[in-house]
Amino acid sequence: MNKTFNQKAWYFVIPVFVLVAFNAAVPLMTVVNYSFQETFGSNVFAWEGTRWFKEILHSERFHASLGRQAIFTFIILLIQLPLGIFIALTMPKKGWGVPVCLILMSMPLLIPWNVVGAMWNIFALPDIGFLGNSLNSIGFDYNFTQQSGDAWFTTILMDVWHWTSLVVLLSYAGLNSIQPAYYQAAEIDGASRWDIFRYIELPKMKKVLTLAILLRFMDSFMIYTEPFVLTGGGPGNATNFLSLDLVKMALGQFDLGPAAAMSLIYFLIVLLICWIFYSLMMKNEART
Amino acid sequence: MSLELKEVEKKVGIETHIYPTNLKLEKNTINVLLGSTLAGKTTLMQIMAGLDKPTSGEIWFNGENVTGKEVQKRNCSMVYQQFINYPNFTVFDNIASPLKITGINSDEIKQRVGKVAELLKLSAMLNKKPDELSGGQQQRTALARALVKDSDLILLDEPLANLDFKLREELREELPKLFEDRDCIVVYATTEPLDALMIGGNTATLLEGNVVQYGKTLDVYSKPDNLTSAKVFSDPPMNIAEITKSGDNFKLVDNNVQWKSNVNIKDGNYKIGIRPHNITTYKEGSNSVEINGKVLISELSGSESLIHFTNGKLNWVSLSNGIQQRNIGEDTKLHMNVDEFLYFDQNNRLVNHG
């Protein structure tokens, strides 16, 4: 075998290395660097080992915001998935209703996140906001800036309004890819509406629904902008979700070390859950 | 047992999908609906099944008017061009699904599924899911589902169209046997004349929402009522030419190809239909006439040669056995088998054959 050895191909790989280095590796390593050190400003650092990690993992504050985060994500998944599927099932399949519904559904997704927060903030204000004012005038004692229950209610409502459309659009696409012959065959078999949903529509939507769950999990677990504008994490710490807490720690208190450790733990949690989810998904894929 | 369509018509908006149709299908018969895409085969089947209602007209089954009776309450099954099975059921559960709904006990279900699975060579795959099967096996599963419940009416809507050539031939051979001893009416839709001939039974030729002719498959093939039916039932397409007849002299209007025949029709102008395999590069039959042509295309399939040629203003298609190499543009001489000509009058009705 006469092979010419030429290593010039490596030059073609360099741009990728540079890009990945600057947008992922370098920032991440900076954070890793902070997480093992203590700083008092003026670029003076002292080695602290794993102290910050231990502190964060045992900190009640972190447990509390992680708990809030988990509950929030769980609730919105619980609402958005069934609701999204239900809306997709009731959407028209042909005619002028299709573009109208699709456009209406896409609208919330097109609005910038901080605008969504600001919109809902004003909308829900108890004195002048339409929602807040209406609720109070029909007898509810509603004030999302002062009562934690109301703050949660408003945040969840906002997220459902903002993101259910994504589940709807994905489910709708999944439903539309089912050939009409499936419905006819089921009809001939004498299957009920529920049977059709359970044995045809749901299995056929499996892939898009997995994708929807994955996307909604990641987005909601890392939610920042909307609650920041709507409640700012309040009242008190009631809606202080993980990323809000992280930013407060890093930029509010300038605790760079603990914040870095926290963001790494946060990152690993998201990565772990996504990885578990992804491998489950791929396992099913490989089997079929 | 019989299925009868009486003046059945289907309109969607201003479009007519099925023109008023009368058709009577008897029990223990296989009936082929033959026609190109959009001829109305699927619509007709859906009306038969009760999946779709006719705009007007009636459907009678066993002497009972079933127009508007829901499909669930009729005892019919259907197989589609696409391989339709429940995606997350095993083959066994798929085949058993129509039985489970009727509430038959599980021992009998097991036994009946086993029997049908064996008939369709699925016994080894009962625990697999549809995605793990080949296209042919998926379609066999769908067929098994249709057979397992002893339907009165089994509708097959181009069941072989999505299969590979080999699998299609294999399944096509088995199909007529599957329905042999069954007490049911089978309706089989296809676009391919060859399917109809191989399946046998009865054939209805369809064109643009009209049932052109219905009868025994071989009769429809060899004695088409009219030119339309003949065209639908010919692949490659039938050659059609204008002729004049005086005495026993016949002549193509377009040029001076002439022949003698004692076909008993009045003198005058006619159309003849010649199937491609009756124009060959060699003499066939006792009575043949030569035709010269310029080769347009020549396609060899190994066992057959398809030669397209022009003669006069017309394009002709010929089909010969074996490899008959012709070059494009070449002048060639072919032989037409006069005994196989179909004669149509000016209204396109068949007046004589052979």
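Tutor: Let us begin with helix 1 of chain B, whose buried residues are Lys41(B), Thr42(B), Thr43(B), Leu44(B), Met45(B), Ile47(B), Met48(B) and Ala49(B). Please keep in mind throughout that this is a predicted model. A residue counts as buried here if 20 or more other C-beta atoms lie within 10 Å of its own.

The loop between strand 3 and helix 1 of chain B contains Leu38(B). Although Leu38(B) is not a glycine, it has a positive phi of about 70°. Leu38(B) counts as partly exposed because it has 13 C-beta neighbours inside 10 Å.

What does the helix pack against? The answer requires a description of the sheet. In chain B, six strands form an open sheet with mixed pairing, and their order is 6-7-8-3-9-10. Strand 6 (76-79) and strand 10 (210-216) of chain B are the edge strands, each of them pairing on one side only. On average, neighbouring strands of this sheet are turned by 15° against each other, with direction ignored. Helix 1 (residues 41-49) of chain B packs on this sheet and touches strand 3 (29-34), strand 6, strand 7 (153-157), strand 8 (185-190) and strand 9 of chain B. The direction of the helix makes about 160° with that of strand 7 of chain B.

Strand 9 (residues 202-207) of chain B pairs with strand 10 of chain B in the antiparallel sense, over six bridges. Within this pairing, Leu207(B) has Asn210(B), in strand 10 of chain B, as its bridge partner. The loop between strand 9 and strand 10 of chain B holds Glu208(B). The phi of Glu208(B) is near 45°, which is a positive value in a residue other than glycine. Glu208(B) has 15 other C-beta atoms within 10 Å, so it is classed as partly exposed.

Strand 17 (residues 304-311) and strand 18 (residues 314-321) of chain B run antiparallel and are joined by eight bridges. Phe309(B) has Trp316(B), in strand 18 of chain B, as its bridge partner. These two strands form a hairpin with two residues between them, and in this hairpin Gly312(B) takes a positive phi near 65°. A cis peptide bond, with omega near 0°, leads from Asp235(B) to Pro236(B). Pro236(B) is found in the loop between helix 8 (227-232) and strand 11 (239-246) of chain B.

The secondary structure of chain B comes to eight helices and 21 strands. Of the 354 residues of chain B, 40% count as buried. The C-alpha atoms of chain B fill a box of roughly 75 × 45 × 35 Å along the principal axes. Among the contacts in chain B with a separation of 6 or more, 65% are between residues 24 or more positions apart.

How much confidence does the predictor express? Chain B has an average pLDDT of 86, and 100% of its residues score at least 70. For the complex, the predictor gives an ipTM of 0.76 and a pTM of 0.76.

Finally, chain B touches chain A. The contact takes 14 residues from chain A and 19 residues from chain B. On the side of chain A, helix 8 (180-189) and helix 9 (193-204) are the elements that give two or more residues. Helix 8 of chain A gives the most, with seven residues. By class, this side of chain A has seven nonpolar, four polar and three charged residues.

How values were computed: Residues are numbered from 1 along each chain as its sequence is written. Chains are lettered from A and ligands numbered from 1 in the order in which they are written. This is a predicted model: local features need pLDDT of at least 70, side-chain atom pairs count only at pLDDT 80 or more; totals for chains, interfaces and linings use all residues. Two residues are in contact if their C-beta atoms, placed from the backbone, lie within 7 Å. Helices (H or I, at least four residues) and strands (E, at least two) are DSSP runs, numbered from the N terminus. Ala, Val, Leu, Ile, Met, Phe, Trp, Tyr, Cys and Pro count as nonpolar, Asp, Glu, Lys and Arg as charged, and the others, Gly among them, as polar. Two strands pair if DSSP finds at least two bridges between them. Axes are lines fitted to C-alpha atoms, for helices over the stretch in contact, and angles run from 0 to 180 degrees between N-to-C directions. pLDDT is the predictor's confidence in each residue, from 0 to 100. A residue is buried if 20 or more other C-beta atoms lie within 10 Å of its own, exposed if 12 or fewer, and partly exposed in between; C-beta atoms are placed from the backbone.
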